[in-house]
Amino acid sequence: MNLDCPIPHHERARLLLGHGAGGRLTAELLEDLVLPALGSPAGGALEDAALLPSQPDLVISTDSFVVSPLSFPGGDIGSLAVHGTVNDLAMRGALPLALSLAVIAEEGLPLDDLRAALTSAGKAAHDVPVPVVTGDTKVVGRGAADRLFLNTTGIGRRIRGLTPSAARARPGDAVLLSGPVGLHGTAVLSTREDLGFEADIASDTRPLHRLVAALSPCGSGVHTLRDPTRGGIAAALNEIARDAAVSVEIDEAAVPVPEPVAAACDLLGLDPLTVANEGCFLAFVAPESADYALAALHTLPEGSSAVRIGEAGPGPAGRVGLRTLVGARRILDMPLGEQLPRIC
């Protein structure tokens, strides 16, 4: 007689959508497969962009965009691709110098759709401003891709005095949030599923480098910057707490969630703290710099809603806590996978 307890079966031999969601499955994929395969050391901070080894004032980042649908209230795949890479550079304290843009298009895609996406990307780059200096175009067979994917790579130069890193958060830091959460994810989902929220919710996709530049007088007092895209602020806070070996506690009442986003999340059973954003960032700032940093963010329209939402503590390292609306406390876990796939 075999009395062994059966081991639950987990699908580990194939990729799941959740492996690309920025949560725990993504972290496992990076640590167990991607980093070892590339010969990169595991266990270090995973940043939005990397410093070039021979030129530490230069920063590089690359990202691929597979959003569905291609356009949504407030933006489209073209503007999103430019903003996303500009923002990843900004989270390392860098202003953009140049972008590349690569196109992977499916056979049968209407040329008007391709033209609209690239025109939007060109306008977004002009508005930053940052030149698109190189690129590539590939066309694959019908069914080999979902209409259109874009990849952008950016080179930036660090603003003098700013050295933010996910590993630099310290106990006592004020946790600032530059704007409201949940707009991008709910706008994309509403359009994709025809849920009827389009009139009330538009994506917050926009470049954030000007807000980061406004923080430059704080210098080294700006410890960490992170834009909470996939997995929302829950994933971003857990990543920072892990990489810096600190604890974080935030106040749910302080997090700005627009009423239409709250209504959509309530209807769909989503947590606004795990929904993707494209136009706000988290900042861990030394306590003596917090008031100045907030005032600096408030000087720009995109930072007018910036608020202090919490603080970092000494431990337990890696834990993120939430003071709820009713005064209780709970753990804000790293999302496992993706509630909303194909968001960026």
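Where is the place of T85? T85 sits in helix α2, residues 77–90. This is a predicted model, in which local features need pLDDT of at least 70, side-chain atom pairs count only at pLDDT 80 or more, and totals for chains, interfaces and linings use all residues. Residues are numbered from 1 along each chain as its sequence is written, and side-chain values use heavy atoms, leaving out hydrogens and water.

**View 1. T85 in helix α2.** T85 is buried, at 0% relative accessibility (buried: under 20% relative accessible area, 1.4 Å probe, protein chains only). Its side chain makes a polar contact with the side chain of T152, at 2.6 Å (polar contact: N or O atoms within 3.5 Å, one able to donate a hydrogen and the other to accept it; residues adjacent in sequence count only if both atoms are side-chain atoms). Beyond neighbours within four places in sequence, T85 is in contact with residues including S61, D63, F65 and L99 (contact: heavy atoms within 4.5 Å).

**View 2. L195 in a loop.** L195 lies between α4 (183–193) and α5 (209–214). L195 is partly exposed, with a relative accessible area of 34% (partly exposed: between the buried limit of 20% and the exposed limit of 50%).

Conventions:
Helix = DSSP H or I, 4+ residues; strand = E, 2+ residues; numbered from the N terminus.
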